Amino acid sequence: MLTLLGVAVVVVGFAARFNPLLVVVVAAFVTGLAAGLSPVEVLAAFGKAFNENRFVSVAWLILPVVGVLERAGLQERARTLIGGVKAVTVGRLLIVYMLFRQITAALGLTSIGGHAQTVKPLIAPMAEAAAELKGGALSDDEREKVRAMSAATDNIALFFGEDIFMAIGSILLIVGFLDQSGITVAPLQLSVWAIPTAVAALVVHGARLLLFDRRAAQRSPARAPAE
Amino acid sequence: MITLSFVYVLAGMLFATFAVLSVRDTANPKRWTTGLFWALFALSFLVGDYLGDVGNGVLVLAMALIAGVGGLGIGRVATTTPDERRAAAAHWRNLLFLPAVMIPIVTVAGTFAFAGLTVVGMVIFEPLTIGGAPIVANPKQATLIALPFAAIIAGVLAVVLLRQPVASPVQEGRRLMDVIGWAALLPQMLASLGAVFALAGVGKVVGDLATQWVPADSLIATVAVYCVGMALFTMIMGNAFAAFPVLTAGIGVPLLMHHFGGDPAIVGAIGMLAGFCGTLMTPLAANFNIVPAALLELKDRNAVVLMQVPTALMMLAINTTLMYARISLSEQAQNTLLCTACSR
């Protein structure tokens, strides 16, 4: 039971909004010490894992090109383009993006989107422009909500789309694990069972996105006289 | 043959450049600690394999302390003003999208080229080779190796096509990195914490706890404990992959599959998806939840998680219902079959 102390540190540390990096370090030491390791052994285990997990940070190599495109006006162009579509709303735009992201992820093209590649340079500015088109200038709070919803939609579409692709990591993990337990499942059977959930995600989140539009529409007439 | 070390050298050089630029940036009030942080990150990528486990431990501890106590400042990069960007956007128009779409196109094309493509057991094409040896040694790393290629090709295209200064990629990269700040290190730190958790056997303890909670005679309760347990455990570990083996070994295989006769494909697939609902609700899945908040410069670092919670809860309910319905239907079908058999 003592091993769970580290989990408690993580939960309390994140909830109390301490710096997450420090919380992780403390949690690692608490867990290791509770499991009977010496401080140096914990440090070594953490260092070894850090070195082995460097691939996680490789994604940052994409930032230079994203930055250059911003410098050259990509976000502004994305805004202008969306501003020319009269029927667009935040919800409708994000539903289209969600469908696109789910279908491409289901075909195994998970790296086609992402927060650095698509959400920051394209989708979030487009969503903001769509919101401004309907409701005029956005307050900081509204802008924050539109941006957060753009990022959330990317995640939800990815998570409930990628498992339809047979060769994705999670499907291979399920096949491998069940195989160890003496149960044989074909990847295709698993991916077929990811389809109902994918459809449900589109319906549930799509409904939330349309509701998001309606709330924004209710707010904007109240704001109009003040402008 | 290209391995991950090639990618690590690239990353090391980029972070080393960030370090030098940060130290030289007198507009950054914390330029020395900022520079030191990126220098340590560069060191990790360039010579991490030679530092030894304790050496790497000291390195990551130093990085976490610098970033954890607010040692990362924001530098000043000579970027364009909003007016200049509007003018540039009006000038380049849709040409701006070309380098942007090159990133996913090259990443996807590179992945297929390095790993080959097999659809439903049919080989569409083999991995590319040079002199008989595959270009990429480990096909599992194909995307990781294709991504930097895509970044470089798109970056060169952007600089040439859109007439940007040659130094602008590293400068703009540093600008975004400064905005992200400490969150840049969090995903790798959490992955390392997962390794310490595994070493200490945290997963087993949680799995045993969850198993104790199961009233083994009720299908609906067992399904609920398994699915909600997957979500909760994923929230704690920040990763559904860590939760899946533990709970499936404790509840999924012995109870849902063997005792209740549930189809392993249904239990496995929907169990994992229930875990994904947890991923949407935890700040510990930093890549998906905290990093975008930093990238999009949100004031509340939990804004993305909070936005996802309603969808995640509804999806968890749907996944649980779906699994229960499927298993109980097949159970009923079996019972009917048995009864028809006995009445005859």
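Where pLDDT is low, the predicted coordinates should not be read in detail. Across chain B the average pLDDT is 90, and 96% of the residues score at least 70. For the complex, the predictor reports an ipTM of 0.92 and a pTM of 0.90.

Take chain A next. Its secondary structure consists of 11 helices and zero strands. Read from the N terminus, the elements run α-α-α-α-α-α-α-α-α-α-α. The radius of gyration of chain A is 22 Å. The globule rule gives 17 Å for 227 residues, so chain A is more spread out than a compact globule. Along the principal axes, the C-alpha atoms of chain A fill a box of roughly 65 × 45 × 35 Å. Even so, 56% of the 227 residues of chain A count as buried. Contacts in chain A also reach along the sequence. Among those between residues at least 6 apart, 72% join residues at least 24 apart.

Chain B has 344 residues, of which 51% count as buried. It contains 15 helices and four strands. Its C-alpha trace spans about 85 × 50 × 45 Å along the principal axes. For contacts in chain B with a separation of 6 or more, 71% come from residues 24 or more positions apart.

Helix H6 (residues 142–161) of chain B has 20 residues. At 1.5 Å a residue it should span 28 Å, and its end C-alpha atoms are 28 Å apart, so the two values agree. After H6(B) comes Arg163(B), with a positive phi near 50°.

Now bring the chains together. The contact draws 114 residues from chain B and 94 residues from chain A. On the side of chain B that touches chain A, helix H8 (residues 186–200) of chain B gives the most, with 13 residues. That side of chain B has 83 nonpolar, 23 polar and eight charged residues.

Ala151(A) has 27 C-beta neighbours inside 10 Å; a residue with 20 or more is buried, so Ala151(A) counts as buried. Beyond four places in sequence, Ala151(A) contacts His115(A) and Val119(A) in chain A, and Pro292(B), Leu296(B) and Val304(B) in chain B. Gly114(A) is 37 residues from Ala151(A) in sequence, yet their C-alpha atoms are 8.5 Å apart.

Ile62(A) makes contacts in both chains. Leaving out residues up to four places away in sequence, Ile62(A) touches Ala116(A) and Gln117(A), along with Ile103(B), Leu147(B) and Ala151(B).

Technical notes:
Residues are numbered from 1 along each chain as its sequence is written. Chains are lettered from A and ligands numbered from 1 in the order in which they are written. This is a predicted model: local features need pLDDT of at least 70, side-chain atom pairs count only at pLDDT 80 or more; totals for chains, interfaces and linings use all residues. Helices (H or I, at least four residues) and strands (E, at least two) are DSSP runs, numbered from the N terminus. The expected span of a helix is 1.5 Å times one less than its number of residues. Two residues are in contact if their C-beta atoms, placed from the backbone, lie within 7 Å. Ala, Val, Leu, Ile, Met, Phe, Trp, Tyr, Cys and Pro count as nonpolar, Asp, Glu, Lys and Arg as charged, and the others, Gly among them, as polar. The radius of gyration is taken over C-alpha atoms; the globule rule is 2.2 Å times the number of residues to the power 0.38. A residue is buried if 20 or more other C-beta atoms lie within 10 Å of its own, exposed if 12 or fewer, and partly exposed in between; C-beta atoms are placed from the backbone. pLDDT is the predictor's confidence in each residue, from 0 to 100.
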